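Hi everyone, thanks for coming along. I'd like to walk you through one structure today, so let me put it up on the screen.

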Amino acid sequence: MTALQERTELYQRQASPVPALEATDVTMRFKVNGVLKTVLDRISFATFRNEFTCIVGQSGCGKTTLLNILAGFLPPSEGKVTVMGKAICRPGPDRCVVFQEDTLFPWLTVRENIAFGLKGKERGSTDHLKEEVNRFLDLVGLTDYQNYLPREISSGMKQRVELARVLILRPHIILMDEPFASLDYRTRREMQNLLVSLWQELPQTILFVTHDVDEAIVLGDKIEIMDINPGRVHEELHIPLERPRHINQSGFSSYRDKLHRFLCD
Amino acid sequence: MDGKDDRKKITGKILPWILPLVLIVLWFFVSRTELIPGYLLPDPIEIVETASVYIFAEPGSSPYAGRFINDAAVSMLRVSIGFLIATLLGLPLGILSGRVAEVNSFFNTFINGLRAIPGITWLPLAMVWFGIGVRTTVFLVAMAAFFPIYLNAAAGARQINPLLLRAGAMMGVGRVRGSYAVLLPGAMPHIMTGLRLGLGISWAYLVLGELTGVPDGLGAVIMDARMIGQIDMIIVGMILIAIVGKLSDTLLITLLRISFKSARRMT
């Protein structure tokens with residue numbers, strides 16, 4: 001048994017054996033041109049505390065729809081989603097989302113964007129708020145840019161702000177919808193490394209949706225592979241590779257081959 | 001590079017003044033050559049003299065002497081009250097109908113029907129309802145300013161990026177905080193446009209209201225001057241309304257920028 005499998009086992013046996021997030025038979029049907037189409041078909045999976053789970057699937061397999069359901073933006077046609085054992089019905093700060101698009105408030109500076117959620121959550125002292133924001137600015141390396149407006153920084157920096165404003169809330173789970181898809185290759189690699197190091201520093205349950213096989217293997221403890229038409233979980237794959245991971249690491253390519261095989265079948 | 005920027009800056013400073021200057025020169029020309037007689041269009045110098053009497057002279061020394069401050073103040077007060085009423089009604093109603101489909105369908109037909117009525121046709125009715133004077137003027141101003149404020153607030157609230165609302169919701173923002181921390185700033189550019197249009201049209205309807213025989217105000221002066229055939233005073237009144245109107249627009253923008261980050265940073 002590898003170190004990582006051990007760790008996963010450990011999460012499951014921890015004081016709270018309840019999954020951080022569990023989807024049970026989540027089904028979603030949409031009416032498309034008058035025909036009822038099943039977009040998601042009985043999706044079931046669980047992710048445990050501090051686990052990094054990736055969901056991989058082709059474009060159009062319903063990944064974003066699934067994420068919207070998990071976030072509480074959409075009610076599923078059937079099935080149930082629980083967070084720490086409790087059923088969810090609406091969006092909330094226990095399940096934060098890092099979006100694919102730029103969703104920073106354009107009228108707030110980097111600093112104010114990061115402080116936004118905490119300001120509403122905590123009635124505590126402003127000193128504490130200030131310290132927390134400083135800490136997270138530092139963690140994502142944006143201290144020098146704290147007074148910039150979103151339109152004045154690059155898309156890579158914007159994603160760092162999105163990440164920081166969510167991490168600072170310490171939600172039960174962070175849902176990420178292809179957050180790095182629009183970044184160039186190098187920035188994407190940087191962001192992946194940053195994300196993993198942040199995750200290691202501040203243990204956190206993460207659910208990361210991507211269509212990029214390499215990205216999923218670099219990031220995930222386990223990967224849920226999704227089928228298309230209708231979207232369903234085809235298989236769960238554990239990735240016990242050492243971190244930090246790299247695409248030239250031994251063992252990497254065998255997972256990649258496996259994933260490609262699944263996705264192409 | 002620097003030279004080019006400098007030249008651009010200078011051009012930008014000069015450009016807005018060219019047309020007014022050309023028109024003034026043309027005005028001098030037509031009145032000095034008496035192409036247009038003085039009783040239709042007085043000489044520019046005469047206008048300046050009338051204006052300085054109206055603004056600076058000792059009150060009582062001539063019919064309009066020194067009345068400007070008082071006239072401007074009462075007009076501004078009427079515009080402010082009418083505009084404030086329009087804002088207090090138009091902003092919340094507009095934002096609400098931009099976000100809630102039911103509210104929108106409840107009000108939309110009615111408001112668009114009302115909007116089709118030319119503002120001036122309210123005048124007779126307003127005079128019957130409110131009599132001649134301040135209340136009629138305030139009513140007309142509020143009536144006219146309401147529509148641009150309402151419509152733009154509704155458009156602003158409707159077109160706000162739904163992802164921003166989602167982002168707010170997932171960070172635990174409730175209804176109250178969502179309204180002033182996400183919705184209002186998100187709609188701010190449109191709201192600002194609506195307020196500026198509303199204030200602009202307020203001045204137009206102020207004059208309409210004051211034409212009905214109130215004793216003071218910038219519009220009243222114009223009407224008064226027409227009665228006794230003082231063309232120069234009419235033109236002075238028009239120019240002063242233009243200046244006061246422009247100043248009030250600048251004041252509005254400044255106040256909004258001071259009060260709202262979103263007004264400062266997004267427009």
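**A strand with partners on two sides**

Let's begin with strand E3 of chain A, residues 52-56, which runs parallel to strand E8 of chain A and is joined to E8(A) by five bridges. Within that pairing, A:Thr53 has A:Leu207 as its bridge partner. Please keep in mind that this is a predicted model.

E8(A) has another parallel partner: strand E7 of chain A, residues 173-177, also over five bridges. Here A:Ile174 stands opposite A:Ile206 of E8(A). And E7(A), helix H6 of chain A (residues 185-201) and E8(A) together form a β-α-β unit, which is right-handed.

So, is E8(A) buried or exposed? Six of the six residues in E8(A), residues 205-210, are buried, so the strand is largely enclosed by the rest of the structure. In a regular strand, side chains alternate between the two faces of the sheet.

Now over to the contact between the chains. Chain A puts in 20 residues and chain B 15 residues. On the chain A side, strand E6 (95-98) and helix H3 (110-121) are the elements giving two or more residues, and H3(A) gives the most, with four. By type, that side of chain A divides into 13 nonpolar, four polar and three charged residues.

Last, chain B: it is divided into domain 1 (2-41) and domain 2 (68-266), whose C-alpha centres lie 32 Å apart. Happy to chat about any of this!

Note on methods
Residues numbered from 1 in each chain as written. Chains lettered and ligands numbered in written order. Predicted model: local features only at pLDDT ≥ 70, side-chain atom pairs only at ≥ 80, totals over all residues. Contact = placed C-beta atoms within 7 Å. Nonpolar A, V, L, I, M, F, W, Y, C, P; charged D, E, K, R; others polar. Domains from an automatic or database assignment. Buried ≥ 20, exposed ≤ 12 C-beta atoms within 10 Å, placed from the backbone. Pairing = 2+ DSSP bridges. Right-handed = clockwise from strand over helix to strand, strands pointing away.
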